[in-house]
Amino acid sequence: LNSYKAQGTAVIVEESRAPHHIAHKKGKEIEDEVLRHRESKPKFGAKRLKRDFEIPCSHGAIERILKGHGKMQGRKKKKKVRNSLREIKDRYNAFERNCLDTKHLYDIPSYWVQMRALGLPKYQYTFRDMKLGAMFIGHSRELSISHSSLFVEVIGNWLKKHGVKTEGTIWQSDGGSEFIGSWQAKNKSVFIKGIESFGAEHFQIPKVTYNADVETVHNTIEFEFYDIEGFNNSDDFFAKASTYGLYYNLTRRNSNRRDKSPFDTLIETKEDIDPAVLTLPALDLDRLLEYKLNKNTIQGGHDVPGLSCFSDFALDNLKYV
């Protein structure tokens with residue numbers, strides 16, 4: 001009342017009651033550390049930053065720091081999950097059920113410039129196991145059934161070489177021409193026959209949602225690899241792609257799989273599989289296809305190089321181990 005009498009209505013405006021000192025506010029060193037990691041990994045969330053870089057504060061504190069510096073963007077409302085298949089996938093054996101798909105790389109802005117300047121691959125061929133979440137990748141400048149059939153030949157022989165029983169396993173893909181050939185074809189494609197050659201079964205998915213596992217990894221590898229890496233030449237590209245593959249399969253913890261890496265899950269299964277199976281480097285499918293065509297006398301055109309399986313020559317001559 002005395003203030004009102006002295007200064008009028010100006011003093012009755014509500015003032016901030018925020019404390020002048022916030023006891024739990026993190027120091028500048030932690031704040032700088034959070035911002036430094038966020039700068040290098042612009043699409044990592046607070047939980048991911050804390051987990052991967054072991055920042056000594058809660059993810060809530062990291063969120064406050066990011067929001068305070070305008071580094072947090074509003075998220076789209078998540079769709080309601082209709083079915084959780086995690087328990088079903090946990091009952092699979094390692095490499096019992098697998099997804100295959102291709103990813104177009106020329107629509108990634110940060111990669112496109114390097115792709116054009118250095119002649120880097122335009123397409124990624126991806127294999128992902130539903131049990132472990134393990135990922136194998138290959139790259140090429142063309143999208144063709146020759147490359148996809150070669151891709152499964154190498155992976156099939158690699159799995160068998162490391163103790164995986166491929167008989168009775170299921171490998172699924174969509175109906176893209178790089179997998180089934182022409183939709184009017186009356187016979188099985190080279191790709192499908194290649195899968196069946198080591199006792200596995202091919203399943204053509206009726207909807208894209210059936211390939212959610214491999215679509216998820218396509219989103220992940222884009223912002224963890226293609227968006228942030230720089231390359232000097234083709235050899236540098238495959239060296240870094242192989243390094244990312246090792247990181248993904250051996251040490252990267254997946255929050256959808258109880259914060260465990262594919263390596264951790266494989267060890268837990270106690271299956272008689274050599275853990276080195278997770279170390280397959282990124283495949284230069286153009287170079288391997290050229291090697292195969294020169295190695296074997298094959299009748300037919302470029303799109304159908306033949307059904308001869310890769311022997312150990314492909315695995316022993318991989319450059320980027």
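**Notebook: helices, a sheet and a loop**

I began with helix 2 (residues 28-40) and helix 4, whose axes come within 10 Å and cross at roughly 75°. Helix 2 is therefore roughly perpendicular to helix 4. For my own record, axes are lines fitted to C-alpha atoms, for helices over the stretch in contact, and angles run from 0 to 180 degrees between N-to-C directions. Angles under 35 degrees count as roughly parallel, over 145 as roughly antiparallel, 65 to 115 as roughly perpendicular and the rest as oblique. Helices (H or I, at least four residues) and strands (E, at least two) are DSSP runs, numbered from the N terminus.

I then looked up who touches whom, with contact meaning heavy atoms within 4.5 Å. Helix 2 brings E31, V34, L35 and R38, and helix 4 brings I62, I65 and L66. I noted five nonpolar, no polar and two charged residues in the contact of helix 2 with helix 4. Here Ala, Val, Leu, Ile, Met, Phe, Trp, Tyr, Cys and Pro count as nonpolar, Asp, Glu, Lys and Arg as charged, and the others, Gly among them, as polar.

A reminder to myself: this is a predicted model, where local features need pLDDT of at least 70 and side-chain atom pairs count only at pLDDT 80 or more, while totals for chains, interfaces and linings use all residues. Residues are numbered from 1 along each chain as its sequence is written, and side-chain values use heavy atoms, with hydrogens and water left out.

**Helix 4 again**

Helix 4 (residues 59-68) also meets helix 3 (residues 46-53): their axes come within 8 Å and cross at roughly 120°. That makes helix 3 oblique to helix 4. On helix 3 I found A46, K47, L49 and K50, facing H59, I62, E63 and L66 on helix 4. This contact holds four nonpolar, one polar and three charged residues.

Next I traced an open sheet of six strands, in the order 5-4-1-2-3-6 and with mixed pairing. Strand 5 (201-204) and strand 6 (283-284) are at the edges with a single partner strand each, so one side of each has no neighbour in the sheet. Two strands pair if DSSP finds at least two bridges between them. Strand 4 (residues 170-173) runs parallel to strand 5, joined by four bridges, and Q172 stands opposite F203 in strand 5.

I also saw helix 10 (residues 212-226) packing on the sheet, where it touches strand 1 (97-104), strand 2 (123-129) and strand 3 (135-140). Helix 11 (residues 234-251) packs on the sheet too, touching strand 2, strand 3 and strand 6, with its direction at about 165° to that of strand 3.

Helix 10 and helix 11 pack together at about 125°, with axes 12 Å apart, and are therefore oblique to each other. Among the residues that meet are V217 and F225 in helix 10 and F237 and Y244 in helix 11. I logged nine nonpolar, one polar and two charged residues for this contact.

**A loop and a caution**

In the loop between helix 11 and helix 12 (262-269) I found R258, which has a positive phi of about 60° although it is not a glycine. D259 is in the loop between helix 11 and helix 12, and its phi, near 55°, is positive in a residue other than glycine.

Last, I checked pLDDT, the predictor's confidence in each residue, from 0 to 100. The chain averages 84, and 86% of the residues score at least 70. Over residues 297-314 the pLDDT is below 50. Where pLDDT is low, the predicted coordinates should not be read in detail.
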